[in-house]
Amino acid sequence: MLISVGVMLPFASSTAHGIRQSSAAQPHRRYRRHSRAWWRRHRARGLPALQLDVAAVEASAQSLHYWHPTLVPGILQTPAYARAVYEAMHGPDQPDIAETIARRMDRQALLYEPDRRFQFVIGEAALRWRPGPAPLMLGQLDRLGVVAALPNVDLRVLQFGEVPV
């Protein structure tokens, strides 16, 4: 399902992680500093631990909202897509990559709990970027189709040209 800017703006506001609407026009220096510090703290504990932290947050919620402009959200990724993304971001020699991917796949069990609600908005770029060969992305697109058919999942795509202002 495609999504309009009118729908995206309230969604973005509700998932802005503490960034005030009035600061949206300013450079996000504070957000970037916070984000870098957050990554350093979690990287020090290891990527599998990060997946466990994310899983704990997800497990504590009944309604989850995800927005990602350029990647398929982790909870929707296939193992091959997740591996390609991790290798692109962290290099192929990470000793804990298999465990990290396994933890990420474990998080997907929540999608099948009918009392939980999920809303995903992903950018068209996430569907067009191929982190590996065509069969890898075909498998990922198939996975998105399967998850989108679940009654408790609302999956939308913000297409190119629909730019929130």
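The model is predicted, so local features need pLDDT of at least 70 and side-chain atom pairs count only at pLDDT 80 or more, while totals for chains, interfaces and linings use all residues. Residues are numbered from 1 along each chain as its sequence is written, and side-chain values use heavy atoms, with hydrogens and water left out.

**The cores**

Begin by selecting Leu76, Leu111, Phe118, Phe120 and Val153, the residues with the most contacts inside the largest nonpolar core, which has 24 residues. A nonpolar core is a set of buried Ala, Val, Leu, Ile, Met, Phe, Trp, Tyr and Cys residues joined through side-chain atoms within 4.5 Å; buried means under 20% relative accessible area, exposed over 50% and partly exposed in between, with a 1.4 Å probe and protein chains only.

Next, colour β1 (63-68), α4 (79-90), β2 (117-123), α7 (134-148) and β3 (153-158), each of which supplies at least two residues of this core. The largest share, four residues, comes from α7. Helices (H or I, at least four residues) and strands (E, at least two) are DSSP runs numbered from the N terminus.

Centre the view on Val153: beyond residues up to four places away in sequence, Val153 touches Leu111, Phe118, Phe120, Val147 and Ala148. Contact here means heavy atoms within 4.5 Å. A second, separate core has seven residues, among them Leu50, Tyr86, Ile97 and Met105.

**The aromatic rings**

The whole structure holds two aromatic pairs; rings of Phe, Tyr and Trp (its six-membered ring) pair if their centres lie within 6.5 Å, and planes under 30 degrees apart count as stacked, over 60 as edge-to-face and the rest as tilted. Select Tyr66 and Phe120, whose ring centres are 4.8 Å apart with planes at 15 degrees, so this pair is stacked. Tyr66 belongs to strand β1 and Phe120 to strand β2, 54 residues apart. Both residues are buried.

The rings of Phe118 and Phe120 are stacked, because their centres are 6.1 Å apart and their planes at 5 degrees.

Move to Glu58 in helix α3 (residues 47-59). Is Glu58 buried or exposed? Its relative accessibility is 3%, so Glu58 counts as buried. Outside the four places on either side in sequence, Glu58 touches Leu64, Tyr66, Ile75, Arg107, Leu110 and Arg116.

Finish at Gly74, in the loop between β1 and α4. Gly74 is buried, with a relative accessible area of 14%. Apart from neighbours within four places in sequence, Gly74 is in contact with Arg104, Arg107 and Gln108.
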